[in-house]
Amino acid sequence: MHRTTHVRPPVSVAVSVALGTVGLLLSAPTLLVAQPHAGHEEMQRRHRSSSAYIAALDNPERDAYQKPDEVIEALQLQPGERIADIGAGSGYFSVRLAEAVGDTGQVWAVDINPDMVLHMNRRLRDAGITNVRTVLAAPDDPLLPDASVDRFFICNVWHHVEDQAGYLALMRRMLRPGGQVVMVDFQKRDLPVGPRVGMKIAKADLLAQMESNDFQLAEEHDFLPYQYFLVFTVQ
Ligand SMILES: C[S@@+](CC[C@H](N)C(=O)[O-])C[C@H]1O[C@@H](n2cnc3c(N)ncnc32)[C@H](O)[C@@H]1O
């Protein structure tokens with residue numbers, strides 16, 4: 001039997017960070033400039049504002065370090081693939097994934113925040129994108145069919161997931177044979193963007209967790225300045 005690890009930030013900080021990853025990215029000036037960390041109340045105030053959250057996720061200045069087009073290119077997606085974008089947020093990656101998999105492909109844009117799903121529904125309709133389905137999911141379940149997903153794409157989300165081992169088990173069930181889990185997340189060190197160090201998951205811890213939950217590292221891309229970019233397959 002495999003050991004199950006659960007990589008989480010300390011409870012004291014995890015509680016306040018339901019939307020924490022971009023809490024420090026909320027205004028354009030904070031996006032690329034080192035800032036003192038905001039206080040708890042300020043963070044909560046920011047988190048309450050989904051429109052500010054969405055604006056931060058879609059801030060064009062984010063592209064400088066997030067390099068979304070290079071990320072999509074590195075994935076070498078094939079037309080017809082079925083991708084689940086877990087914690088899709090504003091749809092920042094979902095719309096790009098949709099273009100890459102084409103009309104014969106399918107993207108599930110999964111989020112637990114109804115404001116994000118509403119925003120994505122409007123965005124997709126207005127852009128005429130028809131190969132993305134939004135999913136208002138549960139925090140512990142992306143609610144996708146079994147054996148339906150070629151790749152899970154998870155960017156800046158994993159530390160939000162409480163029952164990570166349970167979530168990995170569900171993803172294994174939902175993956176098609178040969179499917180992948182792609183994880184992009186902030187390096188666990190002081191950075192000018194992203195959440196506090198204490199909230200982040202170190203790459204080594206994620207690697208150990210994935211291995212102990214029957215995933216193996218298949219690829220690693222190192223062109224992102226602040227984030228690791230790992231691709232896993234089922235062992
Ligand atoms: C920092 S944002 C990242 C958005 C997007 N992945 C991106 O890179 O632009 C985190 C998103 O994850 C969502 N989220 C948090 N916990 C989640 C969970 N358990 N399942 C699905 N989505 C979750 C939040 O509502 C939020 O929209």
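These are my notebook entries on a predicted model.

**Overall.** I began with the whole chain. I counted ten helices and seven strands in the secondary structure. Of the 235 residues, 43% count as buried. I then looked at contacts with a separation of 6 or more. Residues 24 or more positions apart account for 72% of them.

**Core.** I went to the largest nonpolar core, which has 53 residues. A84, F152, F153 and I154 touch the most other members.

**Helix α10.** Which residues of α10 are buried? I found L206, Q209 and M210 in this helix, which spans residues 203–212. I looked down the axis of α10: the buried residues fall within an arc of 95 degrees, so they line one face of the helix. What do they pack against? I noted α9 (164–174), β5 (175–186), β6 (215–221) and β7 (227–234). D214 follows α10, and its phi is positive, near 75 degrees.

**L217.** I turned to strand β6, where L217 is found. Is L217 buried or partly exposed? I counted 14 other C-beta atoms within 10 Å; a residue needs 20 or more to be buried and 12 or fewer to be exposed, so L217 is partly exposed. Leaving aside neighbours within four places in sequence, I found L217 in contact with L207, L230 and F232. I also checked L217 against V234. The two are 17 residues apart in sequence and 8.9 Å apart in space, C-alpha to C-alpha.

How values were computed: Residues numbered from 1 in each chain as written. Predicted model: local features only at pLDDT ≥ 70, side-chain atom pairs only at ≥ 80, totals over all residues. Helix = DSSP H or I, 4+ residues; strand = E, 2+ residues; numbered from the N terminus. Arc of directions from axis to C-beta. Contact = placed C-beta atoms within 7 Å. Core = buried A, V, L, I, M, F, W, Y, C linked by C-beta atoms within 7 Å.
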